[in-house]
Amino acid sequence: WPKLGDTTYIQIYTLDTKYMLLGTLNSWLEKLNSVGFHQVHKSYIVNLAFIMQIKGDLLQIDKTEIPIGRAYKKALINSIPAI
C-alpha cells in the first residue's frame, strides 16, 4: 500500500473516479463487507454487484480484469449470485 510516514492509504476505484483514502484494506473490508463487497485477492476488494464474468482466475468489472487469489476463490464463488 502507499505509505506516508506511518500512515497507510488505499486506492478506491469507481467506474469513473479514483480516490486515495486513509486506512488498511482490512479496515475497509470490515466496513464494506456487509454492503456487498468481498475480498477476492490479497490486494483487492470488489463490489459483487458489478462482476460481469469470471474466467479462470480473473474476474471482469466493466473493462477491468482483476485477479482472484487461490485462497479467496471458493468463498467468492459461494457468495455471488448467478452471473
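Two residues are in contact, or touch, when heavy atoms of theirs lie within 4.5 Å. The legends below use that rule on a predicted model, where local features need pLDDT of at least 70, side-chain atom pairs count only at pLDDT 80 or more, and totals for chains, interfaces and linings use all residues. Residues are numbered from 1 along each chain as its sequence is written, and side-chain values use heavy atoms, with hydrogens and water left out.

View 1. Helices (H or I, at least four residues) and strands (E, at least two) are DSSP runs, numbered from the N terminus. The accessible surface comes to about 6,000 Å², and carbon and sulfur atoms own 55% of that. Those areas come from the Shrake-Rupley method with a 1.4 Å probe; for residues, only the protein chains shown count as cover. Among the contacts with a separation of 6 or more, 25% link residues 24 or more positions apart.

**View 2. Ile12 and what it touches.** Ile12 sits in strand 2 (residues 7-13). Its relative accessibility is 24%, so Ile12 counts as partly exposed. Beyond residues up to four places away in sequence, Ile12 touches Thr17, Lys18, Tyr19 and Leu21. Look for Tyr44 too: it is 32 residues away along the chain, yet the two C-alpha atoms are separated by 9.6 Å.

**View 3. Helix 1 and its buried side.** Helix 1 covers residues 25-32, and its buried residues are Leu25, Trp28 and Leu29. They lie on the same side of helix 1 because they cover an arc of only 105 degrees around the axis, the arc being that of the directions from the helix axis to the C-beta atoms. These buried residues pack against strand 2, strand 3 (18-22), strand 4 and strand 5 (44-47). On the face turned away from them are the exposed residues Asn26, Glu30 and Lys31. Lys31 also lies over the face of Trp28, 4.3 Å from the ring centre; a charge counts as over a ring if NZ of Lys or CZ of Arg is within 6 Å of the ring centre and within 35 degrees of the ring normal.

**View 4. Two histidines of strand 4, His38 and His41.** His38 is buried because its relative accessibility is 16%. Setting aside neighbours within four places in sequence, His38 is in contact with Leu29, Tyr44, Ile45, Val46, Leu48, Ala75, Leu76 and Ser79. At 19%, His41 counts as buried as well. Leaving out residues up to four places away, His41 touches Pro67, Ile68, Gly69 and Tyr72.

**View 5. The largest nonpolar core, with 10 residues.** Its members are Val40, Val46, Leu48, Ile51, Leu59, Ile61, Ile66, Ile68, Leu76 and Ile80. Such a core is a set of buried Ala, Val, Leu, Ile, Met, Phe, Trp, Tyr and Cys residues joined through side-chain atoms within 4.5 Å. Zoom in on Ile61: apart from neighbours within four places in sequence, its contacts are Val46, Asn47, Phe50, Ile51, Met52 and Ile66.

**View 6. Asp62 and its positive phi.** Asp62 is in the loop between strand 7 (58-61) and strand 8 (64-67). Its phi is near 55 degrees. Most residues other than glycine have a negative phi.

Notes. Buried means under 20% relative accessible area, exposed over 50%, partly exposed in between (1.4 Å probe, protein chains only).
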